[in-house]
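Open the model in your viewer and keep the selection tool ready.

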Amino acid sequence: MANEIVVLPDALTDRIAAGEVVERPASIVKELLENALDAGATEVSVALENGGCQAIRVTDNGAGIDGEQVPLAFTRFATSKIRAFEDLYRIRSFGFRGEALPSIASIARVEMVTRRADSPAGTRVIIEAGELKEMTDAGCPVGTTILVDRIFASVPVRRKFLKTQATEQGYCLDVVTRLALAQPGIRLRVTAAERTLLALPAVPGLAERIALTLGRDLQEQLLPVMGEKGGSSLAGFVSRPVYTRSNAAQIYLYVNGRFVKDYLLNHAVMTAYRRTIEPRRYPAAVLRLEVPAEDLDVNVHPTKLEVRFRDPREIYALIVESLGCAIGAGIPPTGQSEPAGGSATGQAVYRSRVEEALRRYRISGGQEKLFFGGKSSGKADALPSSSGSPSPEPLPPPSQSLPETSGEATPPRLRFADLSYLGEVAGTYLLFTGSDGLWLVDQHAAHERILFERLKRTAEQDGERVPGQRLLLPEVVSLAPRDFAFISEAIPILAETGMEVEPFGGDSVVVKTLPVSLPPLEAQQLLQDLLADCGGVERRLPFQERRERILTALACRGAVKAKHVLSGPEVAALCRDLDDLPQVLTCPHGRPLVVCLTVVELEKWFKRR
Ligand code: ADP
Ligand code: MG
């Protein structure tokens with residue numbers, strides 16, 4: 001009878017479950033590593049055969065399993081980690097559904113040797129196709145070793161979906177790296193065919209673990225992050241804007257200890273870096289978010305990497321503001337009292353970014369569109385009426401090798417005016433000497449940043465419109481129809497900067513004033529550059545972003561060009577202006593504006609070290 005309802009045999013349900021839990025060798029590595037950590041291990045080693053496609057062995061020095069309990073560990077929904085439904089909300093262990101071991105055992109051959117500290121002998125079991133084949137006493141150290149082999153031998157379809165051994169091995173290493181960054185205190189080792197792929201000692205701090213795992217060159221570029229908001233907290237490290245990668249692979253985010261891949265969190269990180277790194281470049285970040293259990297939707301599926309927050313706005317703002325502070329926009333960490341004066345400008349800028357991004361962000365699967373409400377959203381109440389020079393948080397210099405920059409203490413802020421000017425190179429780079437070494441400033445990038453910040457400050461000023469510098473003769477510029485449409489839409493933005501533009505019949509406009517912060521320029525040229533820079537997709541960008549692009553284009557046009565030698569007083573003025581800014585060490589396009597060759601580096605070059 002085709003329609004008869006039957007209860008599926010265990011062998012089949014186990015395999016169905018395995019389909020969810022064990023997708024590829026890396027899933028096995030993840031489950032076994034997590035079990036080892038749940039068992040309190042401090043040392044774990046992983047051995048891979050054929051990239052993990054053939055066999056995987058994980059050895060830990062954790063608590064081990066009591067002999068009588070071993071068969072239970074391979075039974076579905078058998079776990080030592082929760083007892084009641086409520087436990088799900090407090091869960092801090094990685095595993096809790098009791099599915100990993102039976103799932104793995106249903107698609108491979110598993111051999112386990114385990115011993116608890118209080119038992120004189122260990123236990124050895126062999127499980128094949130989900131069935132216990134052998135169970136004996138065995139002499140072994142305290143802890144557990146699991147050997148999983150003949151992986152997917154009984155599920156040939158799965159094997160077909162695997163990629164090359166090198167790729168699968170890469171996935172396995174990704175899994176180990178994610179755990180390594182979450183747990184600096186655990187000693188980890190990965191080997192393949194007797195070769196060591198990864199050997200990480202236990203270290204006390206996250207910065208050291210990041211350096212050992214992601215590369216020494218990153219260590220010198222790390223900025224500590226700390227922040228708190230509404231019971232949630234954020235801690236970790238991010239890279240300086242000068243350190244970027246072509247993809248987001250070095251962004252590691254953890255929520256209550258679990259690695260997650262989450263659109264909202266990633267978006268918040270990128271928002272914090274906007275205008276400090278180039279488009280399509282990504283920073284490195286290792287961030288741990290701690291959220292009260294009741295504010296987080298329980299991650300009931302152990303392999304799912306997404307999370308749901310009760311208040312995504314608050315989490316988003318926490319990240320953007322804490323990172324903004326670390327990167328150096330000069331805003332105090334969330335929760336700290338704000339010093340009076342200009343730093344509120346930075347705060348307002350970041351708030352408006354949060355607001356803008358949230359307006360576009362939808363919770364995946366949810367219908368609700370989010371708004372950054374509350375009285376803090378308006379810039380009117382966040383901006384002081386006369387925003388003098390901002391007084392930013394101190395930030396370490398951008399040196400490529402100052403050792404203390406990865407420690408807890410923040411070195412004093414770099415002051416350009418304190419450096420002595422030596423001269424220029426190629427009419428483009430200004431050379432300075434300071435106590436830490438030799439500093440090189442890209443004059444165009446630096447000037448561009450200064451103009452950009454000034455234009456932005458003018459544009460964000462509320463109330464009265466800022467007057468521009470009136471042209472002796474208003475300049476009429478005729479445009480192509482689609483350019484006319486773009487400029488017409490940009491009129492309010494241009495007006496905010498002090499640039500008065502009006503339609504002048506047909507597809508032409510008349511320019512009456514230019515921003516005061518820009519040197520005298522030809523209006524025609526300025527508009528053409530604006531169109532060139534903001535053409536294409538930028539025309540459809542949301543207001544806030546479009547405004548930043550327009551300001552960047554204006555600043556770029558107004559900034560002193562390369563191959564133009566500056567006089568001494570001009571250099572001094574540039575330094576003073578740089579010191580007046582919130583310390584951002586890149587131009588608005590995201591390129592570095594200053595580079596330091598430290599004394600240590602110089603000594604290395606001259607073989608004194
Ligand atoms: P879960 O981790 O969800 O509880 P698993 O199937 O992964 O489910 O493991 C079942 C049980 O076996 C665990 O709850 C734990 O008690 C025990 N266990 C598994 N691996 C280890 C290990 N490496 N060391 C000690 N105990 C383990
Ligand atoms: Mg588990």
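**Stop 1: Ser508**

Select Ser508, which is found in strand S19, residues 508–514. Strands here are DSSP runs of E with at least two residues, helices are runs of H or I with at least four residues, and both are numbered from the N terminus. Is Ser508 buried or exposed? Ser508 is buried, because its relative accessible area is 11%. Buried means under 20% relative accessible area, exposed means over 50%, and partly exposed lies in between, with a 1.4 Å probe and protein chains only.

Now show the side chain of Ser508. It reaches the backbone oxygen of Gly505 at 2.8 Å. This is a polar contact: a pair of N or O atoms within 3.5 Å; within protein, one must be able to donate a hydrogen and the other to accept it, and residues adjacent in sequence count only if both atoms are side-chain atoms.

Next, colour what Ser508 touches. Leaving out residues up to four places away in sequence, Ser508 touches Val476, Val477, Ser478, Leu479, Phe484 and Pro503. Contact means heavy atoms within 4.5 Å.

**Before you go on**

This is a predicted model, in which local features need pLDDT of at least 70, side-chain atom pairs count only at pLDDT 80 or more, and totals for chains, interfaces and linings use all residues. Residues are numbered from 1 along each chain as its sequence is written, chains are lettered from A and ligands numbered from 1 in the order in which they are written, and side-chain values use heavy atoms, with hydrogens and water left out.

**Stop 2: the whole chain**

Zoom out. The protein chain has 18 helices and 20 strands. Of its 609 residues, 52% are buried. Look at the contacts in the protein chain with a separation of 6 or more: residues 24 or more positions apart account for 69% of them. Accessible areas come from the Shrake-Rupley method with a 1.4 Å probe; for residues, only the protein chains shown count as cover.

**Stop 3: ligand 1**

Select ligand 1 and the residues around it. Which residues come nearest? Of the 19 around ligand 1, they are Asn35, Thr79, Ser80, Lys81 and Gly98. A residue counts as near if one of its heavy atoms lies within 4 Å of the ligand.

A polar side-chain atom of Thr79 lies 2.5 Å from an oxygen atom of ligand 1. For Asn35, a polar side-chain atom is 2.8 Å from an oxygen atom of the ligand. Taken alone, ligand 1 exposes 530 Å², and the protein buries 92% of that.

Highlight helix H5, residues 100–107. Helix H5 gives the most to the shell around ligand 1, with three residues. By class, the shell has eight nonpolar, seven polar and four charged residues. Ala, Val, Leu, Ile, Met, Phe, Trp, Tyr, Cys and Pro count as nonpolar, Asp, Glu, Lys and Arg as charged, and the others, Gly among them, as polar.

**Stop 4: Thr144**

Go to Thr144 in strand S6. Thr144 is buried, with a relative accessible area of 9%. Its side chain makes a polar contact with the side chain of Thr114, at 3.0 Å. Neighbours within four places in sequence aside, Thr144 is in contact with several residues, including Val58, Asp60, Ile65 and Met112.

**Stop 5: aromatic rings**

The structure holds three aromatic pairs. Select Tyr254 and Phe259: their ring centres are 5.7 Å apart and their planes stand at 70°, so the pair is edge-to-face. Rings of Phe, Tyr and Trp (its six-membered ring) pair if their centres lie within 6.5 Å; planes under 30 degrees apart count as stacked, over 60 as edge-to-face and the rest as tilted. Tyr254 is buried at 2% relative accessibility, and Phe259 is buried at 14%.

**Stop 6: two loops**

Most residues other than glycine have a negative phi. Select Arg150, in the loop between strand S6 (143–149) and helix H6 (156–161). Arg150 is not a glycine, yet it has a positive phi of about 50°. Then select Ala193, in the loop between strand S7 (187–192) and strand S8 (195–200). Phi of Ala193 is also positive, near 45°. At 73% relative accessibility, Ala193 counts as exposed.
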